[in-house]
Structures are given as structure tokens and as C-alpha cells.
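The entries follow in the order in which I looked them up.

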Amino acid sequence: MLKTLFPTLSRLRFAVQLVMLFVTVYGSVIVGTYMAGKISNALPALSCAYDQMNGGYCVLIPTQHILHHRIGEAMVRAQQLTFTMILPLLMSFLAFFAFFFVLGKAFCGWVCPLGTLQEMVGMIGRRFGFGLRRLEEGDLVAGRRVRPVKWLLLLGLVFLLPLLTGLGVTPHALGNPYCDICPSRVATTLLTGNTDQLALRVGDGWSFALGATADFLIGFMLIGALAIRQPFCRICPLLAFNSLFQRLSPLRLAKTQHENCGQCRICSEACPMDIQEISLHEGRKAYTEDCTLCGRCAEYCPQDGTIRLKWGPVTLFSSRREYYKNKVKGELPDGSVKPVRFVKRSEATNAR
């Protein structure tokens with residue numbers, strides 16, 4: 001039955017994404033606002049706390065609020081750090097770990113509503129003939145230079161500025177700066193018919209600047225997603241936050257080197273984050289912090305058992321030549337199978 005409904009891993013993932021988009025944006029309609037808050041208040045995905053109908057929101061907002069209102073303000077009053085100050089932050093992290101242990105970074109690739117929206121916009125772009133822009137070999141240096149941006153956003157906007165605001169060093173408007181610029185705040189609230197988060201606040205300079213940045217980012221995301229896969233995910237601080245703990249989760253991708261690895265590059269081309277290392281390396285070196293565990297590399301690998309999606313010792317999905325042939329044949333309009341493209345071994349060696 002499942003194979004009939006979801007013949008490919010991509011279809012199963014997209015179905016999960018659609019269900020989780022409904023749950024994270026409208027979940028309280030089913031279970032009620034009070035129960036939604038009890039079930040989860042710290043999802044490791046960009047589900048916005050400003051959405052009044054959500055079924056759970058991301059861990060970044062309680063992290064900022066606790067650093068601002070509890071730890072920072074308590075320190076400025078010269079109180080000692082006690083469990084009454086640290087415990088709420090620990091509880092948020094424990095709630096995060098409880099979810100993250102089960103699914104790890106798959107929250108980014110399977111659950112995050114902002115990631116789902118970017119993929120849907122990309123589908124629209126391809127439907128209307130927008131060319132898909134991939135990072136090729138010459139763009140690798142530029143692509144790697146973008147990776148630190150998400151860490152700077154995490155450290156600066158999620159941790160440092162809220163703490164400094166609590167200490168009285170920075171203005172009150174900078175108490176939760178990341179949420180004020182997060183495109184998910186605008187996108188998911190718009191899906192509920194609420195346009196308040198799109199409006200600019202003109203009474204305060206910082207609030208206006210943060211709101212304008214949020215509107216710019218949502219525009220960048222929507223326009224960029226037409227031709228670039230997952231543009232905001234590449235700088236998302238929650239992806240960085242999740243990658244800090246990715247080795248604690250039993251859900252992971254495993255790759256063993258094949259004699260043709262580094263030649264066909266199909267797995268890198270299929271990767272929505274354009275991770276080139278996956279076609280050149282094996283083991284943990286094949287996956288950077290940008291990996292969202294979407295599983296597309298395993299789907300499109302034409303070699304049996306080279307790339308596997310595993311939960312602990314259990315293999316959930318494994319690359320298979322026959323699966324690759326059937327999937328590509330079903331996707332191409334003429335029904336033919338795209339030949340596997342190999343490059344010269346000398347070129348693959350130079351790329352390493």
C-alpha cells in the first residue's frame with residue numbers, strides 16, 4: 001500500500017512536508033492553543049511563534065527570550081546564576097533534544113515549513129521555465145564562503161544581542177533580533193491570513209530596520225527560490241544550531257567509497273544544498289553542516305548500497321541502481337533513462 005502511494009522517497013518526503021506544514025502553521029486548530037503549547041514549544045525547525053495558530057514553534061525564540069529576560073537581566077541585577085535562571089533554558093534545550101534525537105537534521109529537510117515553501121516555490125519556477133541554478137565546480141569557493149553566515153547569525157542574533165539587551169548594553173528592540181528578521185515570521189503568518197508581521201514599524205529606528213530586513217529576506221527567498229534551491233537554508237541559523245548536535249542523533253547518512261565516486265557527480269547535482277563533498281569523499285567528510293538529511297543523494301546514486309539513510313544500525317533507505325533507473329525514467333518526459341555521466345579520473349582527482 002505504501003509503495004503504491006509513495007513509490008519514491010521524494011514523494012514520501014513531500015507528503016510528510018505538506019502534513020508538517022499544516023501541523024506547524026495550523027496545528028492548534030486541531031488540538032487547541034493550550035494543548036499545542038504543552039505538546040511542543042521548541043521544535044528544531046523554523047515554525048514561527050508569531051503564528052497564533054501553530055502547533056509548536058522553533059527553539060530559537062525561547063532561547064532569545066530566556067537570554068534576554070532571565071539570564072541577562074538577572075546578571076545586570078548582580079544576582080548569581082542559579083537553577084531558577086538556568087533551568088528554563090535547560091528545559092528548552094531538553095525539549096529540543098527530545099525531538100532532535102529521533103529525527104536529527106531531518107527536521108530541516110522533512111519538517112521545516114520554510115524549507116517546504118522554498119521547495120514549492122522552486123517547483124513553480126521550474127513549471128514556468130526558470131532555469132535551475134546549481135553551484136558548479138567553479139562556484140565551490142563562493143559556496144563555502146556563504147557557510148559561515150549562518151554561524152554568524154546564530155552567534156550574533158540568537159545568542160549575543162539578546163544577552164547584551166538583557167544586560168542593558170543594547171536597546172530593548174534588539175531583545176529577539178533574529179525572530180524580527182526571520183522570513184518564516186512573515187511567510188507562515190501570511191499563510192494564516194495575518195498581515196501584521198509584513199507591516200513596518202516606524203515608531204522606532206531599530207524596529208523599522210529589523211522589519212525592513214525581514215521583508216527583504218522574504219523577497220530574497222521567494223525570488224531566489226525560483227532558480228536556486230533552498231536559498232535561505234544556506235544561511236539559516238537553525239541549520240547551524242541543528243548541526244551542533246547532529247552526531248548525537250542516530251539518524252544519519254552513511255557513504256562508502258565506490259570506484260566511480262567523484263566521476264558521475266549525480267549525488268552532488270541532486271543535492272538541494274549543492275554539497276560537492278558528497279561525491280568526492282566518504283564517511284563524515286562527505287556531509288557538511290549544510291546537509292538537511294533530505295535523502296536525495298541516496299535516491300539519485302546509481303550504485304547499489306553506496307549511500308544509505310540509517311537510524312542507528314537500521315538502514316532505512318539505500319541507493320540502488322534499479323531504483324535510480326526507474327525514478328529517472330519516470331521523471332523524464334520521453335520516458336528514457338538519463339545516462340550516467342562520468343568524467344575523466346584525472347579531472348576527479350584535480351577536483352579533490
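In which hand, left-handed or right-handed, does helix 2 pass helix 8? I noted first that the model is predicted. I then found that the crossing of helix 2 past helix 8 is left-handed.

Entry on the geometry. I looked up the two helices and found helix 2 at residues 9-26 and helix 8 at residues 113-127. Their axes lie 9 Å apart, and the packing angle is about 125 degrees. Angles of 65 to 115 degrees would count as roughly perpendicular and those over 145 as roughly antiparallel, and helix 2 and helix 8 are therefore oblique to each other.

Entry on the contact. From helix 2, I listed R13, F14, Q17, L18, L21, T24 and V25. Their partners in helix 8 are P113, T116, L117, E119, M120 and M123. Sorted by class, this contact holds eight nonpolar, three polar and two charged residues.

Entry on T24. I next examined T24, which lies in helix 2. T24 has a relative accessible area of 1%, and I recorded it as buried because the limit for that term is under 20%. Leaving aside residues up to four places away in sequence, T24 touches L43, S47, D51, N54, G55, G56 and P113.

Entry on helix 17. Which residues of helix 17 are buried? In this helix, residues 321-331, I found Y323, Y324, K327 and V328. These residues are on the same side of helix 17, because they cover an arc of only 120 degrees around the axis. I also looked up what covers them: helix 2 is included, as are helix 14 (266-270), helix 16 (296-300) and strand 3 (314-318).

Notes:
Residues are numbered from 1 along each chain as its sequence is written. This is a predicted model: local features need pLDDT of at least 70, side-chain atom pairs count only at pLDDT 80 or more; totals for chains, interfaces and linings use all residues. Side-chain values use heavy atoms; hydrogens and water are left out. Axes are lines fitted to C-alpha atoms, for helices over the stretch in contact, and angles run from 0 to 180 degrees between N-to-C directions. Helices (H or I, at least four residues) and strands (E, at least two) are DSSP runs, numbered from the N terminus. Angles under 35 degrees count as roughly parallel, over 145 as roughly antiparallel, 65 to 115 as roughly perpendicular and the rest as oblique. A crossing is left-handed if the near helix is turned anticlockwise from the far one by less than a right angle, and right-handed if clockwise. Contact means heavy atoms within 4.5 Å. Ala, Val, Leu, Ile, Met, Phe, Trp, Tyr, Cys and Pro count as nonpolar, Asp, Glu, Lys and Arg as charged, and the others, Gly among them, as polar. Buried means under 20% relative accessible area, exposed over 50%, partly exposed in between (1.4 Å probe, protein chains only). The arc is that of the directions from the helix axis to the C-beta atoms.
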